[in-house]
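Here's a quick briefing on one structure. Have a look at it first, then we'll go through a few packing details.

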Amino acid sequence: LAAARAERQRLGLDLRRRRRAAAAELAEAITGELEFLGFPGSAFAIDLPEAEPHAAALDRAEFGFAPNVGEAMRPLRAIASSGEISRVMLAAKAVLAQQDRLPLLVFDEIDANLGGEMGHAVGRELAGVAERHQVICITHLPQVAAHGTTHFVVSKTVRDGRTYSEVAEVEGARRVEELARMLGGDPASPIPRRHAAELLRQAQTA
């Protein structure tokens with residue numbers, strides 16, 4: 001038992017040394033992505049305080065976040081809004097996607113509580129991740145949807161007293177109509193259609 005404890009301690013301390021080196025590098029990379037996602041001057045940190053020995057390590061990981069210049073670093077779980085957490089998660093995934101081997105990433109409403117300008121940034125970031133992985137993104141924001149290479153619309157219908165979900169791909173003019181609808185305009189009106197077509201053009205040339 002003493003020998004096992006000594007070996008656990010040796011391995012745990014070696015892992016801690018490697019983790020601390022990797023944590024600093026990872027935090028710096030995520031901070032860089034957050035600049036792009038609308039957090040200029042923000043900071044992200046990974047703290048590794050000592051903990052009782054457990055299956056994963058001799059320490060635990062705590063994410064720290066300072067979203068604005070002049071604010072102290074505080075635990076991400078304690079201060080971040082849902083929109084901020086969405087963007088921090090996307091920044092982390094964008095960095096880790098360069099190393100991991102996951103073939104598929106699913107983002108469910110990554111645009112929570114985001115506005116149009118940030119939607120463009122999130123859409124571009126997702127498109128960048130999609131260069132190395134298959135990405136499925138569920139979104140209600142047209143600025144995000146316009147960046148997808150393939151666009152599906154999910155709808156619900158009631159038949160014989162039961163609700164059915166249907167998924168249909170939209171292309172060409174139909175996709176422009178769907179983006180116009182997502183923008184909140186009448187898809188048959190020329191103004192929201194022109195806006196949607198320009199949105200799609202900008203996303204595809206970004």
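Let's start with Phe39: this residue is buried, as its relative accessible area is 5% (buried means under 20%, exposed over 50% and partly exposed in between, with a 1.4 Å probe and protein chains only). The model is predicted, so local features need pLDDT of at least 70 and side-chain atom pairs 80 or more, while totals for chains, interfaces and linings use all residues. Residues are numbered from 1 along each chain as its sequence is written, and side-chain values use heavy atoms, without hydrogens and water.

**Aromatic pairs**
- A search of the whole structure turns up two aromatic pairs (ring centres of Phe, Tyr or Trp, the latter by its six-membered ring, within 6.5 Å; planes under 30 degrees apart are stacked, over 60 edge-to-face, the rest tilted).
- Phe39 and Phe65 sit edge-to-face, 5.4 Å centre to centre with 85° between the planes.
- Phe39 is in the loop between H1 and E1 and Phe65 in strand E2, 26 residues apart (helices are DSSP runs of H or I with at least four residues, strands runs of E with at least two, numbered from the N terminus).
- Phe65 is buried too, at 0% relative accessibility.
- Phe44 and Phe63 make a tilted pair, 5.3 Å centre to centre and 50° between the planes.
- Phe44 is buried at 6%, whereas Phe63 is partly exposed at 40%.

**The sheet**
- Three strands form an open sheet in the order E1-E2-E3, with antiparallel pairing (strands pair if DSSP finds at least two bridges between them).
- Five bridges join E1 and E2, and two join E2 to E3.
- Phe65 has Arg74 in E3 as its bridge partner.
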